[in-house]
Amino acid sequence: MAGSVSVKRAGEILVATLEHPPVNALSHAVRLGLMAALDAAAADPGVRALVLRGSGRNFSAGADVREFGRPFAAPELGEVIERTEAFDKPVVAALHGSALGGGLELALACHFRVALAGTRLGLPEVKLGIIPGGGGTQRLPRLVGARAALSVIAEARDLEPQEALRLGLLDRLVESDLEGAAVEFAQDIVRAGRAPRRTGSLDPPPAEENVFAEFARNVARRQRGFEAPQVAVQAVQLAYQVPFAQGLRRELEMCMKLLNGEQSRAQRHAFAVEREIAHVPGLAPDTPVRAIAAAAVIGAGVMGRGIALSLASAGLAVQLVARTAAAAHAAHAAIAKLCESQAARGGLSRAELERRLALISAVAELDPQRADLVVESISEDPQAKRTLFGQLGPTLKPQAILASNTSFLDLEVLARASGRPADVAGLHFFNPAHAMRLVEVVRTRETAPEVTATLLALARRLGKLPVLVGAREGFVANRMLSRRSREALFLLEEGALPEEVDAALTGFGFPAGPFAVQDLGGLDVVLATRRARFGSLSERERGADFLEQLTASGRLGQKSGSGWYRYDAERRAQPDPQVAALIERHSAERGRVRRAVPEAEILERCLYAMINEGARLIGEGVVPRPHEIDLIWLAGFGFPAYRGGPMYYADRVGLANVLGRLAHYRETVGAEFFTPAPLLEQLARAGRGFYDA
Ligand code: COA
């Protein structure tokens, strides 16, 4: 059989199997194979019906994203799908694992669908900045109605198999022996003499009034800045406005326009980077990992509690070590409350909640022999951390790993203090640790490869997205963030107000601006970090002491009702004239003549300061390539996916342009802050980008 589809006979039924590991993406070879299978079924009068299934873990994860960005070779997916629907012998899709994107579209064009319990059914194309292009927007509403179709297509929500059965997308849901069940179903169809039931010939069930306007509003709010979800709503609406064939044509046009646009290109980049990052340069994939069954978290503050919960969620026994028995007790109660709120929102069953809580023992004294991994999460006090690592080193089991959650302290110092530096690494979680996917795994020069491999594997086990970085001040996340924060403060000194800086960055696509984010985290917390880093700050940064001034007057952010902004009872932010006055006074005292700062300058200074630092991080070898940086910003700081990450964005702007602006700000703001990184300068001069270095 040509391509990657095999066929076999089961009596009068032809079973065609997609065989294209790892996910049966519908690549050119598979499309050819499907056509050949249809040819075979058409040519053989003994074949009365066709079953279409996938080998391995999935039915199909959809169109082959590696083929995007160049012309599709014939037959295109739409052609295969239309031929399947038009086929005059019944075609039954047998679904398991994932039936996503083009995979589900193919299934929608089959005449009947049988699925194994647990199958993921979804059209996640909007996550790649496109809409389905193989008829999904026209067929799905005909089967399940407008509301469900809009939610699946415009919001990328998977359909639960039970729900799909109830809505009529599935004809049968089975617990086991999918192939047997699908063949039996096909035999029943043949025996009953049922004709193919073509989704495209169905009338969509009546749509509720205003459902399209409602979804257009919702996606504009929840997926602000993204084009594809809006287009998705329009495409689904077409199923109600124009004949099916015309709907298919229009859908494909809309899909192709998005596919060739900047947003989709950036979102596909983000998708690829997330997969690429799993392959770590210089770390052999078969590096052995150590068994981690029991962990300990030292420090029961907000971070420590979140980390403990995250570890317990993955089934690890956790000792959560607080300073006193009373503090331990309080920490456990706080975790229980967190779980309760998750359960109340429907994200956690009662049994699972109990299981997690039972795995966490909050104590005042660590039992070092009961820990395969210790995560230190005490306050960012270098002396206290050094002492702790010195105490832990000799008492832990020989194979135990000692990780620190520090966000910027020198890990090499802690590693040396432990006396066992090969076992020491960083495991930097982001707040709230139980919910945020990003984890920086930090290796020092002495961290053993198997320790690195173990932490990467563990983070994945926790459902996290681990990114491996080197041990330099602030690693990647906080070092780049600190450059942006610096510029944000300087801009205030020069004439901008917090709401102007925030508006520039939210306009760019960040969910919140830097000042709103600080208010959320707590200005006292931000100030503590500033104090810990004070020694390494420049003269001008030390002088930009807004945080000291705000906290001194009790403005701690949202929790105290005011910070950079004033908050009402619903925690809605309002610009505060008192803050404006404080900033103006500050500028006057330093002899700075305030000016109107253009939005473009705010954006350039905040973003290019980060990007320049990113170039330094690559140049210094803290990360081996731009991928790590982009992913950290996408997953950790809400960098808009439709802009692909800071380093990708810089490439799109053009490094020569970025370099030109850096040179300008070196003159106007200062060489100390805006001297271009050697790597950036070198790439810009060579006409290259970070991704084609
Ligand atoms: N086209 C091409 N390759 C794909 C793919 C697709 N649609 N979906 C996944 N892959 C590749 C991945 O890049 C990865 O390759 P690698 O091992 O060389 O890095 C491999 O398949 C496994 O994917 P991964 O995501 O690591 O596996 P998983 O088991 O965790 O998840 C899926 C499987 C299908 C749930 C997940 O890959 C997914 O969501 N894929 C995208 C589905 C999608 O958006 N389809 C719409 C396309 S229009």
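Asn24 sits in the loop between S2 and H1. This is a predicted model, so please take what follows as computed from it. Asn24 is not a glycine, yet its phi is positive, about 55°. Is Asn24 buried or exposed? Asn24 is buried, with a relative accessible area of 1%.

The loop between strand S2 (13-18) and helix H1 (28-43) also holds Pro22. Pro21 and Pro22 are joined by a cis peptide bond, with omega at about 5°. As background, most residues other than glycine have a negative phi, and most peptide bonds are trans.

There is another asparagine with a positive phi: Asn210, at about 70°. Asn210 belongs to the loop between helix H7 (178-192) and helix H8 (211-222). The relative accessible area of Asn210 is 55%, which means that Asn210 counts as exposed, the cut-off being over 50%. There is a further cis peptide bond between Asn431 and Pro432, where omega is about -5°. Pro432 is in the loop between S14 and S15.

That brings me to the sheet. In what order do the strands of the open sheet run? The order is S11-S10-S9-S12-S13-S14-S15-S16, 8 strands with mixed pairing. At the edges are strand S11 (360-363) and strand S16 (465-470), each of which pairs on one side only. On average, neighbouring strands of this sheet are turned by 25° against each other, with direction ignored.

Arg443 stands opposite Gly470 in S16.

In soluble globular proteins, nonpolar side chains tend to be buried together. Here the largest nonpolar core has 94 residues, and Trp564, Leu607 and Phe690 have the most contacts inside it. Which helix gives the most to this core? Helix H25 (residues 599-619) does, with 11 residues. Apart from this core lies another, of 68 residues, including Ala109, Ala148, Phe215 and Ala228.

Back to Trp564 for a moment. Leaving aside neighbours within four places in sequence, the contacts of Trp564 include Leu489, Leu492, Pro498, Phe515, Phe546, Leu547, Leu550 and Val579. Gln518 and Asp519 are also among the contacts of Trp564.

Last, the ligand. There are 20 residues around the ligand, and Arg57, Ala61, Ala63, Val65 and Arg275 come nearest. A polar side-chain atom of Arg57 is 3.1 Å from an oxygen atom of the ligand. His279 has a polar side-chain atom 3.2 Å from an oxygen atom of the ligand. For Ala61, a polar backbone atom lies 2.8 Å from a nitrogen atom of the ligand.

That is what I have; I can go back to any of these views.

How values were computed: Residues numbered from 1 in each chain as written. Predicted model: local features only at pLDDT ≥ 70, side-chain atom pairs only at ≥ 80, totals over all residues. Heavy atoms only, no water. Core = buried A, V, L, I, M, F, W, Y, C linked by side-chain atoms within 4.5 Å. Buried < 20%, exposed > 50% of the residue type's maximum accessible area, 1.4 Å probe, protein only. Helix = DSSP H or I, 4+ residues; strand = E, 2+ residues; numbered from the N terminus. Contact = heavy atoms within 4.5 Å. Pairing = 2+ DSSP bridges. Axes fitted to C-alpha atoms, helices over the stretch in contact; angles between N-to-C directions. Near = heavy atom within 4 Å. Polar contact = N/O pair within 3.5 Å; in protein donor to acceptor, adjacent residues only side chain to side chain.
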